[in-house]
Each structure stands twice: as C-alpha cells, then as structure tokens.
Amino acid sequence: MKIIFAGTPDFAVPALEKLYKNNYDVQLVITQKDRPRGRGKKLQYTPVKEKALELGIEVFQPDNINSSDSIEKLKSISPDFIIVAAFGQILKREVLDIPKYGCINVHASLLPKYRGAAPINWAIINGETETGITIMEMEEGLDTGDMISKRSIPIVDEDDCESIHDKLAYLGSDLLVETID
C-alpha cells in the first residue's frame, strides 16, 4: 500500500513514525517550506521534514500542493492513500481524487465540534470535559468529509494545550493505523 503523508508541525510526527514502524510504504512526505525561526531567524526544517529525513523518506515542499507540478508529482506515485495531519494547505479536488482509496485527515477534535484551526485550544477555552481524534475522509471544504473513526480522551484539571496536544498526537497515530488496517 503506497502512502503519501502530508504534515508539518510536531502534532503530525507520531503519525508519520507509526506508519513507518508498522511497515507502511510511505513513498513521499509533503510538508510546508522551511522557515526562519528563533532569535537569530535561522532557517529551520519543519518537525515532519526532520523526521522524514531521519527515516530516509523523500521530502517534497511545494509552495502550493494544488499546482500542476505538484499534482504531476503526486500522480506519478499512484498512491493508495494521501494522509494529512496538520499540513497547512487546503487540498483541491484534483489532489483529493489522486489516491486510490482517498485522502484521510487526522483531526484533533471530536468532529463535528471544532472544525478548522486551533481545535485543542477551543476545547479547553470552552470548558470541554473530553476531546479526541477524528479520522475523516477529506472533501474540498474545511473538515467537512465523512467521519471514519473517533476516539476520545478526558480533559482533566491538570491538562493544558500542550499536554492535550501530546496526548492527541499519539492517540491520532494509533487510531490512524487501526483505521487504515
């Protein structure tokens, strides 16, 4: 099963690692462009790029995933899945139609609540007592595809955005592999 993985921040790294450790054929990792960070504004790799290079997986960093050059590159792989975890670009119909079994997203909320950006923050701000991961089919809208699987965790008094982020990143990686299987 050939997979293209698209992700950028720390949240996406456990999913990429889990796919690799479970012997999925990750042919390509797509991530955002490297950006200057820190006090010295030194150019730094995205966390997903760092992990992909460590694992020996080819990295692709297009300005626009929906460009004709990007689409040709993705089509040349003939993927079974494109898996997205906090990538940072919206995939248009032409990209969504490339993989045999579709594009799936690892989303850090119990959809339909908290579609879009900052779902962890909103769950905490709104005093939710639980949150979770939703694995969903991707459509052209933002987090509007059919839900495939969900798993929840409690939000306890000691939790903050960082602790929930880390719990959900690992929960998402487990649920992703179970869902693909």
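**Reading the model**

Mentor: Pro112 is located in the loop between E7 and helix H5 (119–125). The model is predicted. The peptide bond that leads from Leu111 into Pro112 is cis, with omega near 15°.

Trainee: Where does Tyr114 lie, and what is its phi?

Mentor: Tyr114 is in the loop between E7 and H5. Its phi is positive, about 60°, although Tyr114 is not a glycine. Buried means under 20% relative accessible area. Tyr114 has 18% relative accessibility, so it counts as buried.

Trainee: Which loop holds Ala86, and is Ala86 buried or partly exposed?

Mentor: Ala86 belongs to the loop between E6 and H4. Ala86 is not a glycine either, yet has a positive phi of about 55°. With 34% relative accessibility, Ala86 counts as partly exposed.

Trainee: Now the sheet. How do strands pair, in general?

Mentor: Strands of a sheet pair through backbone hydrogen bonds, and the pairing is either parallel or antiparallel. In this model, seven strands form an open sheet in the order E5-E2-E1-E6-E7-E8-E9, and the pairing is mixed. Strand E5 (59–60) and strand E9 (147–154) are at the edges with a single partner strand each, so one side of each has no neighbour in the sheet.

Trainee: What packs on the sheet?

Mentor: Helix H6 (residues 161–180) does, touching E1, E6, strand E7 (103–107), strand E8 (130–137) and E9. The direction of H6 makes about 145° with that of E9.

Trainee: In what sense do E1 and E6 pair, and over how many bridges?

Mentor: Strand E1 (residues 2–7) and strand E6 (residues 81–85) pair in the parallel sense, over five bridges.

Trainee: How do E6 and E8 each run relative to E7?

Mentor: E6 and E7 run parallel and are joined by three bridges. Val84 stands opposite Asn105 in E7. E7 and E8 run antiparallel, with four bridges between them. Here Ile104 stands opposite Glu137 in E8.

Trainee: How many residues of E7 are buried?

Mentor: Five of the five, so E7 is largely enclosed by the rest of the structure.

Trainee: Next, the rings. How many aromatic pairs does the structure hold?

Mentor: One. Phe81 and Tyr101 form this pair, with 5.6 Å centre to centre and 40° between the planes. Planes under 30 degrees apart would count as stacked and those over 60 as edge-to-face, and this pair is tilted.

Trainee: Why does the pair tie together parts that are apart in sequence?

Mentor: Phe81 lies in strand E6, while Tyr101 lies in the loop between helix H4 (93–96) and E7, so the pair links parts that are 20 residues apart in sequence. At 10% relative accessibility, Phe81 counts as buried.

Trainee: What sits over the ring of Phe60?

Mentor: The charged end of Lys73, 5.4 Å from the centre of that ring. Strand E5, at an edge of the sheet, spans 59–60.

Conventions
Residues are numbered from 1 along each chain as its sequence is written. This is a predicted model: local features need pLDDT of at least 70, side-chain atom pairs count only at pLDDT 80 or more; totals for chains, interfaces and linings use all residues. Side-chain values use heavy atoms; hydrogens and water are left out. Two strands pair if DSSP finds at least two bridges between them. Helices (H or I, at least four residues) and strands (E, at least two) are DSSP runs, numbered from the N terminus. Contact means heavy atoms within 4.5 Å. Axes are lines fitted to C-alpha atoms, for helices over the stretch in contact, and angles run from 0 to 180 degrees between N-to-C directions. Rings of Phe, Tyr and Trp (its six-membered ring) pair if their centres lie within 6.5 Å; planes under 30 degrees apart count as stacked, over 60 as edge-to-face and the rest as tilted. Buried means under 20% relative accessible area, exposed over 50%, partly exposed in between (1.4 Å probe, protein chains only). A charge sits over a ring if NZ of Lys or CZ of Arg is within 6 Å of the ring centre and within 35 degrees of the ring normal.
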